[in-house]
Amino acid sequence: MSARIAFSVGTPSGPRTVSLAYARRGAGEPLLLLHGIGHHWQAWEPVLDVLAADREVIAVDLPGFGASDPLPEECPYGLPSVVTVLGAFCEAVGFDRPHVAGNSLGGLLALELGREKLVRSVTALSPAGFWSEAERRYAFGTLRAMRGAARSLPVPVIERLSRTPGGRAVLTSTIYARPGRRSPEAVVAETLALRGAAGFHQTLAAGRTAPVPGDVPAVPVTVAWGSRDRLLPRRQGVRAKHALPGARLVRLPGCGHVPMNDDPALVARVILDGSR
């Protein structure tokens, strides 16, 4: 079950209300989970219950994704605006300096939250931003193609494809190394989430000019990369280690770009270790 909360954020035109959807489970130290572009909080479902056994976990739909409202018109979809919104969200739900784990775009946001000293620790799974220009163009082109396919396929076709391992591979093999493990219901839901993501194009546009992420000296950082990541190749993890010299770099054998589904036990362990 998900919930929704509305809260106020400052914009150049004055305070505006933002409404975000999220799921909350467990008890213990707070842990915030951030998904990637075009996805929704349910990307974390394979690891939520394991994490919730040790942490109070909130998985949130980023602004303009999943069931969350888009950002107000006065707020650009760049790191400063979204980080400000996430900081206000944590305050609204009573999460005081949580640990944070993020995947892809969520990993980049997690690193920025760490840089702003808004969190206790950062675990970034295949974080965006450590690409060469050619790698960025490839990733953005692939994401646009996935979005175009999600928008062009009729819903009955998506549902029919989701019922077979081969069909799930057609829909999701770019982000999962083991797409056949994803349930048909989850594949349909995430394809429709990508299809309806109001913040998709604005987020990609902001990413074209975003600088390479800098160091996060104030908090413990773990960077983890899937060995079978087809969207952001694992060599970007080596660049991340150079940019974040104090970070722990972890390899996720057999995992794709969204590793939570490919090896839930390993990913949960990496997140829990990083948040200790």
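**Close-up views of a predicted model**

View 1. Thr222 is buried, having a relative accessible area of 3% (buried means under 20% relative accessible area, exposed over 50%, and partly exposed in between, with a 1.4 Å probe and protein chains only). This is a predicted model in which local features need pLDDT of at least 70 and side-chain atom pairs count only at pLDDT 80 or more, while totals for chains, interfaces and linings use all residues. Residues are numbered from 1 along each chain as its sequence is written, and side-chain values use heavy atoms, with hydrogens and water left out. Thr222 belongs to strand 7 (helices, H or I of at least four residues, and strands, E of at least two, are DSSP runs numbered from the N terminus). Leaving aside residues up to four places away in sequence, Thr222 touches Val122, Thr123, Ala124, Arg248, Val250, Val270 and Gly274 (contact means heavy atoms within 4.5 Å).

View 2. Strand 1 and strand 2 run antiparallel and are joined by 9 bridges; a hairpin connects them through 2 residues. The bridge partner of Ser8 is Thr17 in strand 2. Strand 2 also runs antiparallel to strand 4, with 4 bridges between them, and Tyr22 stands opposite Val60 in strand 4. Strand 7 and strand 8, in turn, run parallel and are joined by 5 bridges. Trp225 stands opposite Arg251 in strand 8.

**View 3. The buried face of helix 9.** Gln236, Gly237 and Ala240 are buried in helix 9 (residues 235-243). Seen down the helix axis, the buried residues of helix 9 fall within an arc of 105 degrees, so they line one face of the helix (the arc is that of the directions from the helix axis to the C-beta atoms). These buried residues pack against helix 4 (133-152), strand 7 (221-226) and strand 8 (248-252).

**View 4. Two loop residues with positive phi.** Arg97, in the loop between helix 2 (79-93) and strand 5, has a phi near 45 degrees, a positive value in a residue other than glycine. Arg97 is partly exposed, at 38% relative accessibility. Lys117 lies in the loop between helix 3 (105-115) and strand 6. Although Lys117 is not a glycine, its phi is positive, at about 60 degrees. Lys117 is exposed, with a relative accessible area of 53%.

Key. Two strands pair if DSSP finds at least two bridges between them.
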